[in-house]
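Me: I would like to learn how to read a protein model step by step. Could you take me through one?

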Amino acid sequence: MELHQVQYGNKTIDFIVERKKVKNVNLNIKPDMTVEVSAAEDVPLSFIYEFVKKKSAWISKHVKSFECVLPEKQSEREYVSGESYKYLGKQYRLRVQKSEDEEVVKYFRGFIYVFVNDTDNVKKKAKLLDEWYREKARKTFQESLNKLFPLVEKYGVEKPSVDMKVMKARWGSALLDTNTILLNLNLIKASKYCIDYVILHELIHFKYNDHSDKFYNMLYSLMPDWEKRKAILDEEIVKEL
């Protein structure tokens with residue numbers, strides 16, 4: 001990767017350029033606020049510089065949102081009725097209700113309900129929601145794997161298992177030694193359309209453990225719109241991290 005800079009008013013925007021076999025020039029802001037531009041080898045740097053300059057206002061706005069909004073959002077979580085939570089690409093309002101019996105989380109009609117014995121117990125509400133997200137993620141990720149695996153099976157790929165954990169800077173990783181796809185738990189906040197992209201991306205790594213031409217040729221052939229899915233994931237869902 002190459003490190004570059006452009007001026008936007010009195011600000012300097014640092015960005016890295018990664019050369020990939022992609023049809024378009026793509027710009028993403030990572031969870032750690034790194035600005036990354038991916039482009040094919042034959043795209044001139046002068047074109048990339050102009051591209052970044054035209055996107056400077058958008059970049060500045062979104063980097064600022066990472067610096068200011070996200071930390072506040074995380075620290076302000078009180079798990080009270082009215083808070084907004086994302087699940088499978090949609091926003092749901094939280095409703096906390098007292099329960100004399102089972103403590104459980106359910107979602108329907110645009111709301112996520114937390115039934116809890118003590119509605120003031122923040123740690124308990126957080127634990128219930130975390131467990132609910134993990135249960136839904138485990139089921140959804142496995143269903144996606146089951147659907148997509150036949151696409152790569154004919155290339156000699158052995159079906160991997162799925163594991164998950166919270167990760168700050170990536171959506172997934174192919175662990176070849178254990179034949180496991182490790183997925184970011186926060187991916188459950190994305191639509192199945194985007195989840196499918198991440199899982200197929202990692203599945204192909206069991207055939208080509210790099211980002212070579214062969215890797216991208218296979219990705220394009222199996223999922224021609226993968227760049228659109230990735231853009232939605234990086235530009236919308238990343239705001240929830």
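Reply: We shall go through confidence, then the core, then the sheet. This is a predicted model, in which local features need pLDDT of at least 70 and side-chain atom pairs count only at pLDDT 80 or more, while totals for chains, interfaces and linings use all residues. Residues are numbered from 1 along each chain as its sequence is written, and side-chain values use heavy atoms, with hydrogens and water left out.

Me: Where is confidence lowest in the chain, and where is it highest?

Reply: pLDDT is the predictor's confidence in each residue, from 0 to 100, and where it is low, the predicted coordinates should not be read in detail. Here the chain has a mean of 86; helix α2 (residues 56-75) is lowest at a mean of 61, whereas helix α4 (residues 192-205) is highest at 96. Helices (H or I, at least four residues) and strands (E, at least two) are DSSP runs, numbered from the N terminus.

Me: Which residues touch the most other members of the largest nonpolar core?

Reply: Such a core is a set of buried (under 20% relative accessible area, 1.4 Å probe, protein chains only) Ala, Val, Leu, Ile, Met, Phe, Trp, Tyr and Cys residues joined through side-chain atoms within 4.5 Å. Among its 49 residues they are Leu129, Phe141 and Leu187, and α3 gives the most, with 10 residues.

Me: Why is one side of β5 and of β7 left without a neighbour in the sheet?

Reply: Two strands pair if DSSP finds at least two bridges between them. The open sheet runs β5-β6-β8-β7 with mixed pairing; β5 and β7 (104-108) stand at its edges, each with a single partner strand, so one side of each has no neighbour there. Between β6 and β8, the pairing is parallel over 6 bridges.

Methods
Buried < 20%, exposed > 50% of the residue type's maximum accessible area, 1.4 Å probe, protein only.
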